Amino acid sequence: MNPFASIGRATLGFLTIIGRIIIFSGKCLMAMIRPPWFFGQIGRHIINIGYFSLPVVGLTALFTGAALALNIYTGGARFNAESFVPNIVGIGITRELGPVLASLMLAGRVSAAIAAEIGAMKVTEQIDALRTLSTDPFRYLFAPRIIAALITVPLLVLVADIIGIFGGYAVATQSLDFNGALYVRNTMNFITGWDVASGLIKATVFGFIIALMGCYHGYNSEQGAQGVGRATTNAVVSAAILIFAANYLLTTLFV
Amino acid sequence: MIDKPKISISNLHKSFGEKQVLQGIGIDIAAGKSLVIIGGSGTGKSVLLKCILGLLQADQGSIKIDNTETVGLNVRQQEKIAAKFGMLFQGGALFDSLSIWENVAFRLTHADGISKAEAKELAIEAMARVNLPARNADLRPAELSGGMQKRVGLARAIVTKPQILFFDEPTTGLDPITADVINRLIREQVTELGATAISITHDMASARHIADEIAMIFEGKIIWRGAADDVDSSGNAYVEQFVNGSADGPINVMGG
């Protein structure tokens with residue numbers, strides 16, 4: 001077996017997938033900007049992606065903020081810098097942990113659900129049925145999900161920011177003897193509008209990735225239950241990796 | 001040769017990788033006629049149907065509907081052509097998240113821009129034509145039996161009174177009595193609408209019931225075509241073997 005041939009085949013395979021995802025994204029974007037828009041579908045997915053993800057995102061943010069406060073306090077104590085807990089919790093949550101952790105949880109919940117639903121529709125010929133009913137699946141199935149994710153993920157991250165900071169506040173005031181009013185004032189004085197906005201821009205990009213990966217892998221799932229299962233796994237894994245990669249790129253732009 | 005065919009297919013080829021599924025299919029279908037395409041599993045029946053419907057792009061050849069070429073159309077053009085179609089899928093392909101009437105009225109509400117109230121009326125009317133009582137209108141597909149789901153699929157196919165109807169294995173998975181009900185409904189609706197119909201099946205009872213004409217596909221080619229009444233005296237060894245359901249004959253299904 002020629003090792004160069006294997007490397008070449010793997011490279012070509014990888015580039016083919018990249019090309020397919022780019023073409024798929026282009027079709028989704030065209031479907032998003034051109035009528036008809038299915039507002040009922042967009043509303044349904046805003047509820048599914050946004051409202052029903054609130055508990056997952058809220059709990060993740062609460063415990064992350066609480067743990068972050070404890071770690072910063074412990075680490076800060078080594079330099080007599082315990083008083084920086086509110087500042088670092090605030091900036092850490094809004095710029096990094098809020099958007100990234102909330103989006104990773106959404107990748108698990110939302111990408112998987114989208115891939116499973118669309119994959120099941122594919123294998124039961126429902127997507128073919130849409131086409132025979134003069135309805136483009138890119139407009140009816142994919143565009144509403146992506147638009148809903150673009151709207152809801154930043155809102156969820158905003159909620160995560162608030163709850164995460166509250167998690168830090170709760171631990172700091174209950175366990176670490178911080179003054180509540182002082183903690184809030186320090187946080188408000190230190191966090192800038194850009195800290196929050198940069199996190200929300202990241203969340204918008206991550207929202208696109210989450211919905212896109214669910215749609216792409218669901219649409220390309222192979223026949224049978226195994227194919228749908230594989231599509232679901234691939235959607236979550238690829239969304240998580242792309243979130244990390246995009247987070248690094250966006251952070252280099254924002255710092 | 002049909003003078004003005006509703007559907008005209010010539011030299012149609014479709015491959016998946018190395019596997020050549022359609023190898024130069026050519027067939028014309030006259031307006032208002034019901035053609036049933038028979039053939040074993042994996043011979044290219046479903047691929048042919050999907051090419052005509054525009055769900056698959058043919059590699060080579062021509063498909064003309066009302067003398068308009070449909071191979072190579074873009075999505076918007078394909079949607080316009082699809083307005084002439086009604087399709088009953090093998091498994092029904094009903095949308096799980098929608099109620100029965102919403103499934104039946106899907107094209108009316110989503111592609112034709114008809115109001116929900118009017119669409120519901122038309123959907124219930126179409127359901128009545130396939131003997132589905134209106135009390136089922138607000139149920140979900142999962143709450144219906146397989147035979148009822150097929151009838152919902154049929155109601156969805158006929159609700160817009162399409163010019164061309166497609167049936168993919170309409171009786172697969174149904175008991176013989178329900179299958180006969182579906183066959184009768186298909187025949188009734190095709191006759192009432194005056195539609196051109198293409199069905200694919202390997203159920204000969206269904207083929208005899210639905211068809212004006214029968215064609216047999218084997219290894220990606222049409223190897224026989226004739227009137228439905230002539231299928232038992234075709235003089236073609238492949239057709240005879242298929243019609244008689246015999247393992248002995250020129251069609252080798254044992255993988256040899």
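Two strands pair if DSSP finds at least two bridges between them. Strands (E, at least two residues) and helices (H or I, at least four) are DSSP runs, numbered from the N terminus. This is a predicted model, in which local features need pLDDT of at least 70 and side-chain atom pairs count only at pLDDT 80 or more, while totals for chains, interfaces and linings use all residues. Residues are numbered from 1 along each chain as its sequence is written, and chains are lettered from A and ligands numbered from 1 in the order in which they are written.

**View 1. The six-stranded open sheet of chain B.** The strand order is S6-S7-S8-S3-S9-S10 (chain B), with mixed pairing. Strand S6 (85-88) and S10 of chain B are the edge strands; each has a single partner strand, so one side of each lacks a neighbour in the sheet. On average, neighbouring strands are turned by 15° against each other, direction ignored (axes are lines fitted to C-alpha atoms, for helices over the stretch in contact, and angles run from 0 to 180 degrees between N-to-C directions).

**View 2. Strand S9 of chain B and its partners S3(B) and S10(B).** Strand S3 (residues 34-38) of chain B pairs with strand S9 (residues 213-218) of chain B in the parallel sense over four bridges. Leu35(B) is opposite Glu213(B) in S9(B). Strand S10 (residues 221-227) of chain B pairs with S9(B) in the antiparallel sense over six bridges, and Ala215(B) has Arg225(B) as its bridge partner in S10(B). Two residues separate S9(B) and S10(B) in a hairpin, where Glu219(B) in the turn has a positive phi of about 50°.

**View 3. Strands S6(B) and S7(B) with helix H6(B).** S6(B) and strand S7 (residues 164-168) of chain B run parallel and are joined by four bridges. Met87(B) has Phe166(B) as its bridge partner in S7(B). Helix H6 (residues 146-158) of chain B packs on the sheet and touches S6 and S7 of chain B, its direction making about 175° with that of S6(B).

**View 4. The four-stranded open sheet of chain B.** Its order is S2-S1-S4-S5 (chain B), with antiparallel pairing. Strand S1 (residues 5-16) of chain B and S2(B) pair over nine bridges; Pro5(B) has Ala30(B) as its bridge partner in S2(B).

**View 5. The contact between chains A and B.** Twelve residues of chain A are in contact with 17 residues of chain B (C-beta atoms, placed from the backbone, within 7 Å). Helix H5 (residues 126-132) of chain A gives the most to the side of chain A that touches chain B, with five residues.

Notes:
Contact = placed C-beta atoms within 7 Å.
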